[in-house]
Amino acid sequence: MARRAALVLTAALLASSALTACSTEGPASAPASGAKTGSGGAITMGFAQVGAESGWRTANTKSVQEAAKKAGIELKFSDAQQKQENQIKAIRTFIQQKVDVIAFSPVVESGWDTVLKEAKDAGIPVILTDRAVDTKDTSLYKTFLGSDFVKEGKSAGEWLTGAYANEQGPVNIVELQGTTGSAPANDRKAGFADAIRADGKFKIVASQTGDFTRAKGKEVMQAFLKSQKDIDVLYAHNDDMALGAIQAIEESGKKPGTDIKVISVDGIKDAFVAMTEGKINVVVECNPMLGDQLMELAKKVVAGESVPTRVETQEGVFPQDKAAAALPTRNY
């Protein structure tokens, strides 16, 4: 009798093991029952990334993946390829999978209320990372983790007004915007415009999206160079667009950083190299290394703890003369 009971117990354990293996196999699987923090299991996070449009975004993704592994959080990752519909689909998949928490960096600011309400109704907390959403119902998400994009734009504009403080105008500026409708594009544009508004010598003579990519930045800058006779300054909403634009400037026979001053935002290593070469004049930092902070916030919201509605990252402004000293410290 004892031997028969032992055989039954062994079979039950083997069946349980097989079911557990199936439940964790592949990105589309749901977490095993009882896998939430409250019952002693690992947290499952669904993370919907914008895409891989820039060096900054690649570093951001790596930070999230490495931090999740270090924190013992099971990460279900989705790359939206810069399409809102892909992110909405991913979030709905995470809801179906009954993850413990959802985090995402929204492609654009508007159009999220419906899917966020679905997550709320399912009892799944949402954390916004890097980019905010435009909604009147702030109860649809627990917190926002990221940068102050308006402040970044203002910092870029303040550097420019300081650099040209003793010079007569006009100062003709071309602007490479980020993805249309995205929070960083909207806010970096607004912050920059606010910083230069008081001095009429600063004029934005052309402004167009470069979708945060190097290739598009080069393409749009080529068009600017053809359509605008006098360009004094390029303001790029991220480093990859700036680096693409630098190629276009050089191919036109002009010297970036001298003939056309270059202002950029992000702080990737390639931009610091360009500064040491005199091709970029200043970089406003936007820190992509949000992984550790995100995992700490995830643990707290899943546990039902209160968190700040906004958590900002610490960032700096790096003019050209500080680039060489800062370059060895850039890890992305």
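## Strand β3 and its neighbours

Phe47 lies opposite Ala103 of strand β3. This cross-strand position belongs to a parallel pairing between β1 (residues 44-49) and β3, which extends over four bridges. The model described here is predicted.

Strand β3 covers residues 101-104, and both of its faces are covered. Val101 and Ala103 are buried on one side, while Ile102 and Phe104 are buried on the other. In a regular strand, side chains alternate between the two faces of the sheet. Strand β3 also runs parallel to β4 (residues 126-129), with three bridges joining the two; Ile102 stands opposite Val126 of β4 in this pairing. Together with helix α4 (residues 113-121), β3 and β4 make a right-handed β-α-β unit.

## Overall architecture and confidence

The protein has eleven helices and twelve strands. Of its 332 residues, 48% count as buried. Among contacts between residues at least 6 apart in sequence, 74% join residues at least 24 apart.

The mean pLDDT of the protein is 89, and 88% of the residues reach 70 or more. Over residues 1-35, however, pLDDT stays under 50, and the model has 22 contacts beyond four places in sequence for this segment. Where pLDDT is low, the predicted coordinates should not be read in detail.

## Strand β6 and its pairings

Seven of the seven residues of β6 are buried. Val171, Ile173, Glu175 and Gln177 point one way from the strand, whereas Asn172, Val174 and Leu176 point the other way.

Strand β6 runs parallel to β7, to which seven bridges join it. Within this pairing, Ser207 of β7 is the bridge partner of Glu175. Strand β6 is also parallel to β8, through four bridges, and Ile173 stands opposite Val233 of β8.

## Aromatic pairs and a charge over a ring

The count of aromatic pairs comes to five. One of them, formed by Tyr164 and Phe202, is edge-to-face, with 6.3 Å from centre to centre and 85° between the planes. This pair links distant parts of the chain: Tyr164 is in the loop between α5 and β6, Phe202 is in strand β7 (residues 202-209), and the two are 38 residues apart. Both Tyr164 and Phe202 are buried.

The rings of Phe192 and Tyr235 are stacked, because their planes are at 15° and their centres 4.0 Å apart. Here too distant parts of the chain are linked, with Phe192 in helix α6 (residues 183-196) and Tyr235 in strand β8 (residues 233-236), 43 residues apart. Phe192 and Tyr235 are both buried. Elsewhere, the charged end of Arg330 sits over the ring of Phe318, at 5.3 Å from the ring centre.

## Loops and backbone features

Thr179 is placed in the loop between β6 and α6. Its relative accessibility is 11%, so Thr179 counts as buried. Apart from residues up to four places away in sequence, Thr179 touches Gln82, Ala185, Thr209, Asp211 and Phe212. The C-alpha atoms of Thr179 and Thr213 are 9.2 Å apart, although the two residues are separated by 34 places in sequence.

Asp211, one of the residues that Thr179 touches, is found in the loop between β7 and α7 (214-227). The phi angle of Asp211 is near 55°, a positive value in a residue other than glycine. Asp211 counts as partly exposed because its relative accessibility is 29%. A positive phi also occurs at Asp130, near 70°, in the loop between β4 and β5 (143-146). Asp130 has 3% relative accessibility and therefore counts as buried. A further backbone feature is the cis peptide bond between Gly169 and Pro170, with omega about 0°; Pro170 is in the loop between α5 and β6.

Conventions: Residues numbered from 1 in each chain as written. Predicted model: local features only at pLDDT ≥ 70, side-chain atom pairs only at ≥ 80, totals over all residues. Heavy atoms only, no water. Buried < 20%, exposed > 50% of the residue type's maximum accessible area, 1.4 Å probe, protein only. Pairing = 2+ DSSP bridges. Right-handed = clockwise from strand over helix to strand, strands pointing away. pLDDT = per-residue confidence, 0-100. Contact = heavy atoms within 4.5 Å. Phe/Tyr/Trp six-rings, centres within 6.5 Å; stacked < 30°, edge-to-face > 60°. Lys NZ or Arg CZ within 6 Å of the ring centre and 35° of its normal.
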